[in-house]
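Take a look at the chain below. This report walks through its helices, its loops and one of its strand residues.

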Amino acid sequence: MVRVSSFSTAEAFSALLSPEGRALLDELRDHDPAQELALATRLRRDHPAELVSAALAQARLRQRAAAKFGAEDAARMFFTPNGVEQATRTSVATHRAESFKALGVTSVADLCCGIGGDAIALARAGISVLAVDRDPLTCAVARANAEALGLTDLIEVREADVTEVDTAAYDAVFVDPARRSDKRAAGAARGASSRGGGRIFDPEAYSPPLSWAVATALKAPRAALKIAPGIPHEAIPESADAEWISDGGDVKEAVLWFGTAPGTMRATLLPGPRALVGRGLPDPAVRSVGRYLYEPDGAVIRAHLVAEVAEEVGGGLIDETIAYVTSDELHPTGYASAYEITDQLPFNVKKLKALLREREVGVLTVKKRGSAVEPEELRRKAMPKPFGKRAATVFLTRVAGAPVMLVGAPVR
């Protein structure tokens with residue numbers, strides 16, 4: 001595979017928007033990355049080498065972006081490497097836009113807009129958007145995306161420091177601070193979208209910091225702040241309504257809403273959406289493992305709403321420190337996956353291997369919570385080869401503080 005460079009400035013990116021650049025991108029829409037060397041050699045006979053490299057890089061980014069934006073939109077949009085990684089996926093952005101719309105919001109100041117993923121969803125919900133970022137290239141990409149999707153009437157892209165933007169004229173504010181460090185971008189001004197590097201866990205290390213975002217949100221009639229789902233609950237302002245969002249079982253983000261229901265904790269599961277709202281329940285009691293084990297969705301766990309799931313299924317915890325719920329009866333719930341447990345063993349690889357052979361298991365899923373053992377390591381040792389065609393799930397966890405293995409299968 002040929003190594004291709006991406007554009008690094010707004011001026012270089014503009015070449016992709018030329019008729020020649022767009023024609024190249026159309027030609028590369030369904031290209032095979034494995035054939036890039038031969039393809040690049042052929043294209044460079046008729047086009048500038050730098051433009052070919054930029055077009056190939058963009059085509060690869062579009063293919064990566066299809067998982068977040070869908071193939072149709074991704075094939076028309078423009079991306080940067082960090083933009084693809086950090087942009088909100090369409091399903092989540094659409095949910096947030098519909099939430100704004102349900103609140104009666106008609107205009108939003110989207111601060112730290114990145115390549116425009118949230119601005120696009122807001123505009124498609126009929127909301128007028130001011131999309132702000134300080135990075136010139138990011139603004140150029142966001143502007144191109146608004147044009148590519150026919151949303152320029154609703155999206156204004158402004159290159160500016162978000163801390164200097166007056167949002168008083170807008171019904172709501174949305175802030176998506178950078179939550180990654182980048183030594184190469186050290187000293188970059190707030191509102192820029194150079195979000196490479198490692199994740200930042202201190203909310204005050206966000207760019208701009210969470211305290212500034214909260215102060216800005218409190219000045220607006222409505223506001224939403226996108227934050228990392230691992231934020232400590234003690235860092236959440238009392239004036240905020242905190243929402244954790246998962247999509248297809250994967251936790252994607254947390255959002256602090258202002259001007260809604262202060263103090264509320266909720267988990268939203270997509271697709272759906274299904275929303276579980278906290279009721280301030282005490283921690284569930286610990287009990288022995290019953291016939292069924294419930295694995296709460298990650299958003300439910302992050303929102304500290306395991307007690308609500310336990311009440312819904314009439315169950316308790318298998319250990320006071322583990323977010324697995326157990327009960328003797330099967331109760332339908334949209335907030336946890338249910339498994340029927342057939343065996344409970346102390347942690348012992350040989351015993352597990354013998355049990356899997358006896359049950360003729362050929363497909364083994366290993367999950368863990370509260371265990372230092374790596375699932376793949378246990379799978380390799382306990383089942384070096386298939387013993388049959390049946391499937392089983394093993395939970396590596398603790399019961400009453402002791403390491404155990406719970407064997408069962410998902411309830412269909």
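What follows moves from the whole chain to single residues.

## The whole chain

The model is predicted. The protein has 412 residues, and 52% of them count as buried. Its secondary structure comes to 14 helices and 16 strands. Along the principal axes, the C-alpha atoms fill a box of roughly 65 × 55 × 35 Å. Now consider contacts with a sequence separation of 6 or more: 67% of them join residues 24 or more positions apart.

## Two helix pairs

Two packed helices are described by the angle between their axes and the distance between the axes. The table gives both values for two pairs.

| Helix pair | Angle between axes | Distance between axes |
|---|---|---|
| H2 (residues 19–27) and H4 (residues 49–69) | about 45° | 9 Å |
| H13 and H14 | roughly 60° | within 9 Å |

Start with H2 and H4. Their axes pack at about 45°, and H2 and H4 are therefore oblique to each other. H2 passes H4 in a right-handed crossing. On the H2 side, the residues that meet H4 are Glu20, Gly21, Leu24 and Leu25. H4 brings Leu51, Val52, Ala55, Gln58, Ala59 and Arg62 to the contact. By class, this contact of H2 with H4 has 6 nonpolar, 2 polar and 2 charged residues.

Next come H13 and H14. Their axes cross at roughly 60°, and that makes H13 oblique to H14. The crossing of H13 and H14 is right-handed. From H13, Val349, Leu352, Lys353 and Leu356 take part in the contact. They meet Leu378, Lys381 and Ala382 in H14. By class, the contact of H13 with H14 has 5 nonpolar, no polar and 2 charged residues.

## Which residues of H14 are buried?

H14 covers residues 375–382, and its buried residues are Pro375, Leu378 and Ala382. They span an arc of only 65° around the axis, which puts them on the same side of H14. An α-helix has 3.6 residues a turn, so residues three or four places apart point the same way. What covers the buried residues of H14 includes helix H13 (349–358), strand S14 (361–368) and strand S15 (390–399).

## A mostly covered helix

How many residues of H12 are buried? H12 (residues 306–313) is mostly covered, with 6 of its 8 residues buried. These are Val306, Ala307, Glu308, Val309, Ala310 and Val313. The cover over the buried residues of H12 includes strands S9, S10 (292–296), S11 (316–317), S12 (325–327) and S13 (336–346). Helix H11 (298–302) is also part of that cover. Just after H12 comes Gly314, with a positive phi of about 65°.

Most residues other than glycine have a negative phi, and most peptide bonds are trans. Some places in this chain depart from that pattern.

Cys112 has a phi near 65°, a positive value in a residue other than glycine. Cys112 sits in the loop between strand S1 (107–111) and helix H8 (117–124). Is Cys112 buried or exposed? Cys112 is buried, with a relative accessible area of 1%.

Glu360 is not a glycine either, yet its phi is positive at about 55°. Glu360 belongs to the loop between H13 and S14. At 41% relative accessibility, Glu360 counts as partly exposed.

One joins Leu270 and Pro271, with omega about -5°. Pro271 lies in the loop between strand S8 (265–270) and strand S9 (274–277). Another cis bond runs from Gly272 to Pro273, with omega near -10°. Pro273 is placed in the loop between S8 and S9.

## Asp247 and its contacts

Asp247 is found in strand S6 (residues 241–247). At 15% relative accessibility, Asp247 counts as buried. What does Asp247 touch, leaving aside its neighbours within four places in sequence? Asp247 is in contact with Arg89, Ser91, Val92, Lys252, Leu270 and Pro271. Two of these names, Leu270 and Pro271, are the residues joined by a cis peptide bond. Arg89 is 158 residues from Asp247 in sequence. In space, Asp247 and Arg89 are 9.3 Å apart, C-alpha to C-alpha.

Methods. Residues are numbered from 1 along each chain as its sequence is written. This is a predicted model: local features need pLDDT of at least 70, side-chain atom pairs count only at pLDDT 80 or more; totals for chains, interfaces and linings use all residues. Side-chain values use heavy atoms; hydrogens and water are left out. Axes are lines fitted to C-alpha atoms, for helices over the stretch in contact, and angles run from 0 to 180 degrees between N-to-C directions. Helices (H or I, at least four residues) and strands (E, at least two) are DSSP runs, numbered from the N terminus. Angles under 35 degrees count as roughly parallel, over 145 as roughly antiparallel, 65 to 115 as roughly perpendicular and the rest as oblique. A crossing is left-handed if the near helix is turned anticlockwise from the far one by less than a right angle, and right-handed if clockwise. Contact means heavy atoms within 4.5 Å. Ala, Val, Leu, Ile, Met, Phe, Trp, Tyr, Cys and Pro count as nonpolar, Asp, Glu, Lys and Arg as charged, and the others, Gly among them, as polar. Buried means under 20% relative accessible area, exposed over 50%, partly exposed in between (1.4 Å probe, protein chains only). The arc is that of the directions from the helix axis to the C-beta atoms.
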